[in-house]
Amino acid sequence: MPRGLLIVVSGPSGVGKNTIISNLFTCLSDLKYSVSATTREPRPNEIDGQNYFFLTEAEFTKRIADNAFLEWAKVYQHYYGTPRSYVEKMLSNGVDLALDIDVQGAAQIKKALPEAILIFLSPPSLCELKQRLIGRKTELESEIELRLQYIETEFQAVPLYDYFIINREIDLTCRQIECIIQAERIKVSRQETNFLAKILRAE
Ligand code: 5GP
C-alpha cells in the first residue's frame, strides 16, 4: 500500500489556514488532520484534543526529551509541536494527513520527510491581513503586533515550499489545494511499480 501524503500548510497568522483546512475536509473526505500540541492558552471556542493538545511547558519539554515530536518550534512566545506517533501511524496506513504548522516546523519536516508537500498561503496584502487579525478579536494588540513582526521571517522561507498560493477567495484556494493533492496522489513515484499487473488484476 502506498504511504499517505503529508501535506504541510503554512502562512502568516490570519491568512485563513484554519478555514481552508476545514473546508478541505468536505471535498477530500479521506484527508485527516494532525492535531498539534501547544503551550499557549486555549481560545474560548477551542477544545482540548480537537484544536490542540494544550500542555504546560513542563509537559511539552518532557515530550521534547522523549522525542515525541516530529517537529516542534517556538512561535510567538509559545511552543508548538507535531506528535510523531500519530503522523507515522497514519502515513504508514496510507492515510493522507494535513498539518498546519509554521515555517520553522515545515523546514524540519522537509528535512526529515523530503516527500512532504509544502504549501505556503499568502494574504492578498499586508493591509488585508491586519484587518483580518484585528477583526477576528482572538488576540490582544500586543499579540497581533508579534504576529505581524514574524511575517518577514515567514516570507523568507517561501523558497523551501513546493507551492505558493495567494488566498484571495477561500473556494478558489481550496480548489487549488484539492488539485495539488489529486495530482500528487496519481504521481508515478507514489504508486505501486507493477502497473501491468494492476491493469491485469482489474475486472
Ligand atoms: P495559533 O496560535 O494561531 O493557533 O498558531 C500560531 C502558529 O503556530 C501558526 O502559524 C500555526 O501554523 C503554528 N503551529 C500550529 N501548530 C504547530 C505545530 O505543531 N508546529 C509548528 N512548528 N507550528 C505550529
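For the entries below I take a pocket to be an open set of points on a 1 Å grid over the protein atoms alone, with protein on both sides within 12 Å along at least five of seven lines. The model is predicted.

Entry 1, largest pocket. I looked up its volume and found about 860 Å³. Of its 36 lining residues, I noted Lys17, Asn18, Arg43, Tyr52 and Asp100 as the closest to the centre. Helix 1 (17–27), strand 5, strand 6 and helix 5 (126–136) each give two or more residues to this lining, and helix 1 has the largest share, with five. I recorded the lining by class as ten nonpolar, 15 polar and eleven charged residues.

I found the ligand in the largest pocket, surrounded by 16 residues. Its shell holds seven charged, five nonpolar and four polar residues. Strand 6 contributes the most to the shell, namely three residues.

For nitrogen, I found a ligand atom 2.8 Å from a side-chain N or O atom of Asp102. The ligand alone exposes 500 Å², of which the protein buries 96%.

Entry 4, second largest pocket. I noted a volume of about 280 Å³ and 15 lining residues, with Arg40, His78, Glu139, Glu143 and Arg147 nearest the centre. Helix 6 (141–149) gives the most to this lining, four residues.

Technical notes. Residues numbered from 1 in each chain as written. Predicted model: local features only at pLDDT ≥ 70, side-chain atom pairs only at ≥ 80, totals over all residues. Heavy atoms only, no water. Near = heavy atom within 4 Å. Polar contact = N/O pair within 3.5 Å; in protein donor to acceptor, adjacent residues only side chain to side chain. Areas by Shrake-Rupley, 256 points an atom, 1.4 Å probe, with all protein chains shown as cover. 1 Å grid on protein atoms, 1.4 Å probe; cavity = no way out; pocket = protein on both sides within 12 Å on 5 of 7 lines; lining within 4 Å. Sits in = over half its atoms within 2 Å of the grid points. Nonpolar A, V, L, I, M, F, W, Y, C, P; charged D, E, K, R; others polar. Points joined across faces, edges and corners; volume = space filled by probe spheres on them.
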